[in-house]
Amino acid sequence: MPALYTTEALSTGDGRNGEVRSLDGVLDELLAVPKEMGGPGGDRTNPEQLFAAGYAACFHNGLRLIAAQQGVHPGASTVRSKVTLLALDTGAFTLAVTLTVHLPGLDRSTADQLVKATHEVCPYSNATRGNIEVAFKTTV
């Protein structure tokens, strides 16, 4: 399969209390463990926030693309991604995601169909399918 785009990132320091940056220098973020997990929190990001932002943006782009292909006009659509880090009984960790998709002006049936179609093509959805729980809330 042909590669459409490739990027690389490097983590340095202490992982969750370190720094992550793309090799092209566009992304350069200091990380901190959230206060809820016993870390310093503050004005630094964390891997779950980065994942949430990426999933929301990617899904929203796919949604707008599918809508255009179907001749649907989603108006001022938004996608909010909620990512939760969960501890498993085995000592491992996993994620759960809820995507809240707002499609003002569309009827419920069209909105639900558009979200379902987008979930089939979004790279984040395809990467997570069968691995973590992804739930949807659609508002019109």
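Where does Leu-88 lie, in a helix or in a loop? Leu-88 lies in the loop between strand S4, residues 78-87, and strand S5, residues 93-102; helices (H or I, at least four residues) and strands (E, at least two) are DSSP runs, numbered from the N terminus. Before I go on, please keep in mind that this is a predicted model, in which local features need pLDDT of at least 70 and side-chain atom pairs count only at pLDDT 80 or more, while totals for chains, interfaces and linings use all residues. Residues are numbered from 1 along each chain as its sequence is written, and side-chain values use heavy atoms, with hydrogens and water left out.

To stay with Leu-88, this residue is partly exposed because its relative accessible area is 40%, where buried means under 20%, exposed over 50% and partly exposed in between, with a 1.4 Å probe and protein chains only. Not counting residues up to four places away in sequence, Leu-88 touches Phe-93 and Thr-94, and contact here means heavy atoms within 4.5 Å. Leu-88 and Pro-34 are 54 residues apart in sequence, and their C-alpha atoms are 19 Å apart in space.

Now the overall picture. The protein has 3 helices and 6 strands, arranged along the sequence as β-β-β-α-β-β-α-α-β, and its C-alpha trace spans about 50 × 35 × 30 Å along the principal axes. Of its 140 residues, 32% count as buried, and among the contacts with a separation of 6 or more, 47% are between residues 24 or more positions apart.

Next, the helix pair. Two packed helices are described by the angle between their axes and the distance between the axes. H1 and helix H2, residues 108-121, pack at an angle of about 115° with their axes 9 Å apart; the axes are lines fitted to C-alpha atoms, for helices over the stretch in contact, and angles run from 0 to 180 degrees between N-to-C directions. On the H1 side the contact is made by Tyr-55, Phe-59, Gly-62, Leu-63, Ile-66 and Ala-67, which meet Leu-114, Val-115, Ala-117, Thr-118, His-119 and Val-121 in H2. By class, the residues of this contact divide into 9 nonpolar, 3 polar and no charged, with Ala, Val, Leu, Ile, Met, Phe, Trp, Tyr, Cys and Pro counted as nonpolar, Asp, Glu, Lys and Arg as charged, and the others, Gly among them, as polar.

Leaving aside neighbours within four places in sequence, Ser-125 is in contact with Tyr-55, Phe-59 and His-119, and Ser-125 counts as buried because its relative accessibility is 0%.

Let me turn to Thr-45, in the loop between strand S3, residues 28-30, and H1. Thr-45 counts as buried because its relative accessibility is 12%, and, with neighbours within four places in sequence set aside, Thr-45 is in contact with Glu-29, Leu-30, Leu-31, Ala-32 and Leu-50.

Leu-50 brings me to the last topic, the largest pocket, whose lining includes Leu-50, Cys-58, Tyr-5 and Tyr-124. Strand S2, residues 19-22, and helix H1, residues 47-69, each supply at least two residues of that lining, which has 8 nonpolar, 2 polar and 2 charged residues by class.

Definitions and conventions: On a 1 Å grid over the protein atoms alone, a cavity is a set of points where a 1.4 Å probe fits but cannot get out, and a pocket is an open set with protein on both sides within 12 Å along at least five of seven lines; lining residues have an atom within 4 Å of a point.
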